[in-house]
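Please read them with the coordinates open.

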Amino acid sequence: MTALAALVGAILLVLAAAYLPGYAAVRMLGGSPLLSLALGPALAAAIAGISAIGAALVSIPWSLLPFLLGAALLVAGAYGLRRLGVTLPATVLDGALSPRRAVPGGAAWIGGAVAIALAPIAIQAGRPDAVLERWDTLYHLSALQRIRETGIASSLQVGAVSNTEGDPSFYPAAFHALAALVPGVPTPTLLNATVLALAVTPWILGIALLARTLFAEVAWAPSAAALTAALIPATPLDLWIHLSPIPNLAGFAALPGALAAAAALWTALLPGTAVRPAIAAALAVGVAGAGLGLLHPNVAVTALILLAVLTAVTAAGQWRRRPALVAVPVLALLPVALLSYTPLGSDVTGFNGGLEVSWWLALGEVLLGLLTVWPMALGVVIAVLWWPGLITSFGSSSRRWLAVAWVVIAVIYLDAALDSPLNLSALYYRGQDRISMPLAMLSAVLVVPGLQVWARVLGRRAQDRARRPGPSMVTAVLVIAAVLASLASIPARTDNAAKNLAADYPGRGRFLQADERTLFEQYGPQMDRDGTVLASPFSGAAHLYALQGQDVRLPVAGMAYTDLDRDLIYATEGAATDPADCRLLEENGIAYVYQELRPYNRHKTSDSVNLAGPDLGRVLFQTAHSRMIEIDCDPGDGSYDPV
């Protein structure tokens, strides 16, 4: 199997896992095909995340079998509920996504937009198993490799990869569990394939479904929203290249569909809530919410905030007559409050850092669509489209919640950008990068009413269209301008991709240099697979674990060092001349020391491995900036007693 075929095959398998089980469960519960597609990725994450936890508890290695068992249980549960008369109500998502030929060549336009977004990344990557030069990428490569080795994909244990003692710790691992379903594909290729599968399709389709939910009477709304979703800066794909918080971006890609389903179900139930359909809707949305949380808690928090806005704004006029409706937004916000103001969220809320900018720059980012994730001129062009939609949506009772939601997320973004003392963004690590994605999602949908406003301004009224069935000159000019603006974003996208994918980029260091990787591939088969490599976790050697399965003592950046880890690192300084230090390394399985002459990241402790001279042992291979030393503790005088 070629590398490209492996990439494509993995993408297709991950997409099948992401959509088929959830689709079957929702259909079994009486939901429409569109509703099933909307909930599919979030439900798949729930199946994978919960099944992986259960499999680890009963010592079953993670594979397709426990995933299929979890899927079967979900479908069986839906069947049982249906037999009891508990089914989902009819919603606005019943029927087709849009009428045939609502947008001439709509699929081709969307395909072209996806190509504009993907082509620069593919060109800069150059190979299906390219490694992004981000700390987070290294973590997820090593975590995925650990799952494949141990068969444990439980969110309660995956965090063990970040400590050398193997102590289990929580890390949301639904993404990794879905990825690990695919066998026989090299780990870097598998990671890239899973990101592409889960960051592109659910995002674009979900935003199209959200537009279909809110603008069911507008035939072209899903196509316009999908086209915008592919091109708008701050997509999950952009965040992958920018920062690489992979589970986070996969969760935000699944969010639009889950939100579309929640909005459709809420709208169907609000006029007169029937108990059985309400139970079915609550269960479907609840399981989907669990899936979002197992992808990343940040996404579940965002979903709860948006759900609170949706239910509060749409039901506010009925609160006096139906006071019980107040409980819905209150219950949605309760977990957010508990995480924000109690020790439950202390691991996140205690984070101190993030990019702080001036108030006028932060405001400009929001108002002009120049969000912190790869800002580009195209964002301003798209902002010209969604701003009228935002303003007019406040005047629509059925869509006002969308505008309010945009304002709420924008305020959280500003809080993060300013490092505000209000701490509204505390659950997002005070980083506007992650908040950019839901803001981009809402902005993409607001393009639909925005285009309606511009159509009225430009005089394209119904009677004009009746007199002139063909496209007007204004329409032709606008389409050409939109195409040119989209194509003009390619240089910026190419440069953005090069920052973290190209072999070299001025001013940006590299974990894994091209010549290092070549030598790893050449000499790796000669290395003792049981011998441990000791190196800075910020070096290319940390990638050897995911690339070739070589045992590496510190396989991820940001390791939690034990006392033994520090002793081993410091021992490398004198191991060439001090038998006790060399013996310590040997007794703990250290067979290789990898040194950087030009460290990617300065760190007082881990940089100690770079201080020993080459006389520590045999130099296995060397580049202009690094070398691999095979330790030899024998001084040659007959005093050596090997372990």
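1. Gln 622 has Arg 627 in strand 4 as its bridge partner. The model is a predicted one, in which local features need pLDDT of at least 70 and side-chain atom pairs count only at pLDDT 80 or more, while totals for chains, interfaces and linings use all residues. Residues are numbered from 1 along each chain as its sequence is written, and side-chain values use heavy atoms, with hydrogens and water left out. Helices (H or I, at least four residues) and strands (E, at least two) are DSSP runs numbered from the N terminus.

2. Two strands count as paired if DSSP finds at least two bridges between them.

3. What is the strand order of the open sheet? The four strands are arranged 1-2-4-3, with mixed pairing. Strand 1 (532-535) and strand 3 (617-622) are the edge strands, each pairing on one side only. On average, neighbouring strands of this sheet are turned by 25° against each other, direction ignored. Strands of a sheet pair through backbone hydrogen bonds, either parallel or antiparallel.

4. Strand 2 (residues 590-596) runs parallel to strand 1, and four bridges join the two. Within this pairing, Val 533 has Tyr 592 in strand 2 as its bridge partner. Strand 2 runs antiparallel to strand 4, with five bridges between them. Here Val 593 is bridged to Ile 629 in strand 4, and Gln 595 stands opposite Arg 627 in strand 4.

5. How many residues of strand 2 are buried? Seven of its seven residues are, so strand 2 is mostly covered; buried means under 20% relative accessible area, exposed over 50%, and partly exposed in between (1.4 Å probe, protein chains only). Strand 4 is also mostly covered, with five of its six residues buried. Helix 22 (residues 514-523) lies across strand 2, strand 3 and strand 4 (626-631), and runs at about 120° to strand 3. Axes are lines fitted to C-alpha atoms, for helices over the stretch in contact, and angles run from 0 to 180 degrees between N-to-C directions.

6. At the start of helix 25 (residues 579-587), a side-chain oxygen of Asp 578 comes to within 2.9 Å of the backbone nitrogen of Ala 580. Gly 589, which follows helix 25, has a positive phi near 80°.

7. Helix 15 (residues 359-368) packs against helix 16 (residues 377-393) at an angle of about 65°, and their axes are 8 Å apart. Helix 15 is therefore roughly perpendicular to helix 16; angles of 65 to 115 degrees count as such, under 35 as roughly parallel, over 145 as roughly antiparallel and the rest as oblique. Val 366, Leu 367 and Leu 368 in helix 15 meet Gly 379, Val 380, Ala 383, Trp 386 and Trp 387 in helix 16, where contact means heavy atoms within 4.5 Å. By class, this contact has seven nonpolar, one polar and no charged residues. Ala, Val, Leu, Ile, Met, Phe, Trp, Tyr, Cys and Pro count as nonpolar, Asp, Glu, Lys and Arg as charged, and the others, Gly among them, as polar.

8. Most residues other than glycine have a negative phi. Asp 419 has a positive phi of about 50° although it is not a glycine, and lies in the loop between helix 17 (400-418) and helix 18 (432-457). Tyr 429, not a glycine either, has a positive phi of about 55° and is placed in the loop between helix 17 and helix 18. Tyr 429 counts as partly exposed because its relative accessibility is 24%.

9. Leaving aside residues up to four places away in sequence, His 176 touches His 140, Ala 143, Leu 144, Ile 147, Tyr 171 and Pro 247. The side chains of His 176 and His 140 are joined by a polar contact of 3.1 Å. A polar contact is a pair of N or O atoms within 3.5 Å; within protein, one must be able to donate a hydrogen and the other to accept it, and residues adjacent in sequence count only if both atoms are side-chain atoms.
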